[in-house]
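Dear colleague,

Please find the structure below, followed by a short account of what was found in it.

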Amino acid sequence: MRINLGASEQISHSKTQNTHPKIKTKGVNLAKQKARLAGIGARVKAFITDLFLIGMPIYYLTTYVFLDGKDEFLRNQTAIFAANLAVGLICCAFFAIKAQTPGYRSQNIYLIDLRSGRKLGFIRVLLRYVFFLLAGVSIVGLCLCFFRKDALNLHDLLTHSAAVCKKAD
């Protein structure tokens with residue numbers, strides 16, 4: 001799958017529609033653009049959906065099938081790490097194979113490489129996930145999208161990736 005965003009892109013908000021930024025590119029006809037950056041709200045909805053569809057079954061299995069309940073799960077740091085690692089690897093596999101997780105699919109969002117317009121490979125997606133975790137620890141990396149016109153987070157900037165939606169015709 002290839003969604004062309006152009007090589008040198010700039011994002012600006014439309015005066016009539018503040019919810020979705022429009023993509024302006026130098027030397028690229030905007031009529032040929034097939035995607036726009038996904039809004040912050042859609043990405044948050046997708047993240048919450050993924051937590052429920054991917055995370056909850058893994059956390060439930062870990063807590064009640066592999067361990068002996070909530071108290072044992074909370075005391076077992078290895079189980080917590082393994083469950084979170086499993087969720088991360090499954091999400092990375094979805095992104096690498098289909099360029100979207102179930103949550104992204106529900107919001108019609110794709111994860112692409114900003115330079116080529118193609119989906120990211122597994123190593124880059126895994127690196128993006130590691131940067132996401134590090135950005136979450138600092139909070140600044142996750143809140144960065146509120147201060148940037150293009151609404152990209154730190155993990156998107158570091159991996160040259162973006163969550164995009166197909167442009168409505």
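Leaving aside its neighbours within four places in sequence, which residues is Thr159 in contact with? They are Arg124, Leu127, Arg128 and Phe131, where contact means heavy atoms within 4.5 Å.

The model is predicted: local features need pLDDT of at least 70, side-chain atom pairs count only at pLDDT 80 or more, and totals for chains, interfaces and linings use all residues. Residues are numbered from 1 along each chain as its sequence is written, and side-chain values use heavy atoms, with hydrogens and water left out.

Thr159 belongs to helix α7 (residues 154–159); helices (H or I, at least four residues) and strands (E, at least two) are DSSP runs, numbered from the N terminus. With a relative accessible area of 2%, Thr159 is buried (under 20%; exposed is over 50%, partly exposed in between; 1.4 Å probe, protein chains only).

The largest nonpolar core has twelve residues, including Ala38, Phe95, Val125 and Cys165. Such a core is a set of buried Ala, Val, Leu, Ile, Met, Phe, Trp, Tyr and Cys residues joined through side-chain atoms within 4.5 Å. Two or more of its residues come from each of α1 (40–66), α3 (77–98), β4 (109–113) and β5 (161–166).

An open sheet of three strands runs in the order β3-β5-β4, with antiparallel pairing (two strands pair if DSSP finds at least two bridges between them). Its edge strands, β3 (35–37) and β4, each pair on one side only. Between β4 and β5 there are five bridges, and Ile112 has Ala162 in β5 as its bridge partner.

Yours sincerely
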